Amino acid sequence: MSVTTAVENTVKQANGARRRLRWPHYLLLAGALLVLLSLVRVLTGADDVTSSGTVSASLRLAVPIFLAGLGGLWSERSGIINIGLEGMMILGTWTGAWAGYQWGPWIGVLAGILGGALGGLLHAVATVTFGVDHIVSGVAINILGLGLTQFLAGLIFNTGEAKALGGGPRQSPPIEPVGTLTAPVLSGGEFFGWKSPDVLGALERHHWFLVSDVAGILRGLTTGMSLLTLLALLLIPLSFFVLWRTAFGLRVRSCGEDPYAAESLGVNVYRMKYAAVMISGALSGLGGAFLVTVASPVYQDGQTGGRGFIGLAAMIFGNWRPGGLATGSLLFGYTDAMNVRGGGEAVHALLLFVTVILVAVAVWQLVRGNRLRPLVATDLDRRRVRNAFAGAVLAVAAAAGLLAWFLLSDTVPGELVSFTPHLTTLLVLALASQRLRMPAANGQTYRRGEAR
């Protein structure tokens, strides 16, 4: 066996080991991050970083981002780029509010799903049937969704019974919120009329290392959870099962990887793309309905606040997979929750948390570079070694800057706190970009019988 062959086999084995990461590894990593976060909380006294209120707010803020991102995942897995998620969410908010204040929140949820699906249908007609550029079509839907809902709000909510109930040109009448669930025994819920003690709340209030943090997280997940939030959580395994474990999901993903190969195997590519894009719109509309029935029981102009675009970023961060998308959505929701829970003091404590993570990243990059150096055989290998050491230097520099900021200040200005979710979006995409792989035929125009 030649040296080159041995090197190639070693590199393949290393890559294979990296790909064999499973749920136990991710759970171990999550546990380590929780221990670090608990240690930072004890050292800084910023109890809101793991409080039940912060966890509950993070989940509530993450769900619409996740639903929009999941819609983008379905569309792009079929090969259709969908940057019209924001417009479809806007359509979902208006239709959900219009039906919700008249016939109840669950009818409003169904109407929001339908409104988003109609936006998805329009995007499918433009891109699949007429071959319009996907970006152009998505931008047009965003503009159409914003303008149409503003016009309809002034036309319907500002007249007659809707106006008498509190509607106006920029908002709907109040909508009855969707019901919530609280776990009995653990979080003080009721069980057959018996009011159980709040065990997790008692543990959280002691502020013990790790124990109180785990109690706060569990209490945030089991206290006052909306039924719509529970539905969104169930969509994570359901989407994975449908897309990766069913014949329908295989056909959808084949259209996003190589539609002409799928066509040669008898797959109706047009039908699969239409179905995926309409599901994409329906999920985005569900995210819009969440905003008007859970987050704020009223429709307001500009209510989505760019969540469709952040959902798109979360989808990219998650590498077009439901689990990674959920992680990215929770990250963005958590940083957004800092605006309402803890503010500058909590974000200041997170500076120390991020500093330690950057140091760990620098150490990992150095170890990776040293391991790859003896295996260098091509220019690509040399580039990987240089990138590893460069990444270590950048991580150390960033860690030093954050540590100096943490030591020389007591809080973070409010303006920066409000910008934290957007800054997180940019940083996460920049750091994750090297390990991403979108569907191979994403954004390409397909025409039946034109395989080359």
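Ile80, Thr127, Val128, His134, Tyr270, Lys273, Gln444, Thr445 and Tyr446 form the lining of the second largest cavity in this predicted model. The space inside the second largest cavity comes to about 40 Å³, and the count of cavities of 30 Å³ or more is two. Sorted by class, the residues around the second largest cavity are four nonpolar, four polar and one charged, and helices H5 and H13 each contribute at least two residues to this lining.

From this cavity the reader can turn to a pocket. The second largest pocket holds about 170 Å³ of space, and 14 residues line it, of which Arg60, Gly224, Met225, Ser226 and Val294 lie closest to its centre. At least two lining residues come from each of helix H3 (52-77), strand S4 (225-226) and helix H13 (269-295), with H3 giving the most, namely three residues. By class, the lining of the second largest pocket consists of five nonpolar residues, eight polar residues and one charged residue.

The mean pLDDT of the chain is 87, and 90% of the residues reach 70 or more. Among the elements of the chain, helix H5 (residues 105-129) has the highest mean pLDDT, at 97, whereas helix H1 (residues 3-19) has the lowest, at 41. Over residues 1-18 the pLDDT stays under 50, and for this stretch the model has eight contacts beyond four places in sequence. Where pLDDT is low, the predicted coordinates should not be read in detail.

Definitions and conventions: Residues are numbered from 1 along each chain as its sequence is written. This is a predicted model: local features need pLDDT of at least 70, side-chain atom pairs count only at pLDDT 80 or more; totals for chains, interfaces and linings use all residues. Side-chain values use heavy atoms; hydrogens and water are left out. On a 1 Å grid over the protein atoms alone, a cavity is a set of points where a 1.4 Å probe fits but cannot get out, and a pocket is an open set with protein on both sides within 12 Å along at least five of seven lines; lining residues have an atom within 4 Å of a point. Grid points are joined across faces, edges and corners, and a volume is the space filled by probe spheres set on the points. Helices (H or I, at least four residues) and strands (E, at least two) are DSSP runs, numbered from the N terminus. Ala, Val, Leu, Ile, Met, Phe, Trp, Tyr, Cys and Pro count as nonpolar, Asp, Glu, Lys and Arg as charged, and the others, Gly among them, as polar. pLDDT is the predictor's confidence in each residue, from 0 to 100. Contact means heavy atoms within 4.5 Å.
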